[in-house]
Amino acid sequence: MLYEKGQRHWVAFTLNGKPVSGEAEPRMLLVDFLRHEIGLTGTHVGCEHGVCGACTIQIDGEPARACLTYALRMEGREIRTVEALAGDDDALSPLQKAFKRNHALQCGFCTPGILMTLDAWLKTNPTPTEQDVREALSGNLCRCTGYAAIVRAVMDFVKERRHA
């Protein structure tokens with residue numbers, strides 16, 4: 001399908017459990033659609049090349065880079081952003097609480113992408129080792145923490161979940 005510059009097309013999908021729709025130009029990236037058209041700013045734009053992981057969201061339950069994904073390709077899909085982790089009352093999720101308890105963030109820029117990566121990964125890896133967590137995080141760059149507190153937070157979360 002060929003598009004002319006400036007054309008806008010309608011796209012509709014489920015975002016954090018709710019239907020959303022809007023217009024996007026053919027080459028508009030999902031991260032820009034989420035931030036500028038929908039108004040959800042939790043998904044951060046880092047490298048714009050899919051390397052840093054700051055823009056990680058979930059598409060149909062799988063982590064994906066929103067900076068590499070065209071918004072129009074999301075028609076009918078299920079998208080989750082970091083805003084979905086908190087409950088309807090805006091209470092932190094258990095994973096977010098573990099990050100807070102363990103001081104697993106500093107500037108916070110990378111945190112949404114890391115949380116979305118881990119949220120999906122922990123569903124299929126319920127009892128990881130520290131090495132497993134480090135490997136799972138290999139696609140997410142953090143320039144502040146050195147990852148020790150992040151790994152500690154994940155292990156704390158796993159322990160809490162096991163005892164719940």
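This is a predicted model: local features need pLDDT of at least 70, side-chain atom pairs count only at pLDDT 80 or more; totals for chains, interfaces and linings use all residues.
# Exercises on helix packing and salt bridges

Helix 2 and helix 3 cross in a right-handed manner.

## Exercise 1

Task: Determine how helix 2 and helix 3 are oriented to each other, parallel or oblique, and name the residues in contact.

Solution: 

Step 1. Two packed helices are described by the angle between their axes and the distance between those axes.

Step 2. The axes of helix 2 and helix 3 come within 10 Å, and they cross at roughly 130°.

Step 3. On the side of helix 2, Leu95, Gln96 and Phe99 make the contact. Helix 3 contributes Thr111, Ile114, Leu115, Leu118, Asp119 and Leu122.

## Exercise 2

Task: Find which residues of helix 2 are buried, and what covers them.

Solution: 

Step 1. Helix 2 spans residues 94-101, and its buried residues are Leu95, Gln96, Ala98 and Phe99.

Step 2. Viewed down the axis of helix 2, these residues fall within an arc of 155°, so they line one face of the helix.

Step 3. The face turned away from the buried side carries the exposed residues Pro94 and Lys100.

Step 4. Helix 3 (111-124) and helix 5 (148-163) are included in what covers the buried residues.

Step 5. Consider Asp156, which is placed in helix 5. Asp156 has a relative accessible area of 17% and is buried, because the cut-off for that class is under 20%. Leaving aside residues up to four places away in sequence, Asp156 touches Ala98, Arg101 and Asn102.

Step 6. After helix 2 comes His103, with a positive phi near 50°.

## Exercise 3

Solution: 

## Exercise 4

Task: Describe two salt bridges that link distant parts of the chain, Glu23 with Arg8 and Arg77 with Asp60.

Solution: 

Step 1. A search of the whole structure finds six salt bridges.

Step 2. In the pair of Glu23 and Arg8, the closest N and O atoms are 3.7 Å apart.

Step 3. Glu23 counts as partly exposed at 36% relative accessibility, and Arg8 is partly exposed with a relative accessible area of 33%. Arg8, Glu23 and Glu37 are linked in a network of salt bridges.

Step 4. For Arg77 and Asp60, the closest N and O atoms are 2.6 Å apart. Arg77 lies in the loop between strand 4 (62-65) and strand 5 (78-80), Asp60 in the loop between strand 3 (56-59) and strand 4, and the two are 17 residues apart.

Step 5. Arg77 counts as partly exposed at 30% relative accessibility, and Asp60 counts as partly exposed at 42%.

Conventions. Residues are numbered from 1 along each chain as its sequence is written. Side-chain values use heavy atoms; hydrogens and water are left out. Buried means under 20% relative accessible area, exposed over 50%, partly exposed in between (1.4 Å probe, protein chains only). Helices (H or I, at least four residues) and strands (E, at least two) are DSSP runs, numbered from the N terminus. The arc is that of the directions from the helix axis to the C-beta atoms. Contact means heavy atoms within 4.5 Å. A salt bridge is a side-chain nitrogen of Lys or Arg within 4 Å of a carboxyl oxygen of Asp or Glu. Axes are lines fitted to C-alpha atoms, for helices over the stretch in contact, and angles run from 0 to 180 degrees between N-to-C directions. A crossing is left-handed if the near helix is turned anticlockwise from the far one by less than a right angle, and right-handed if clockwise.
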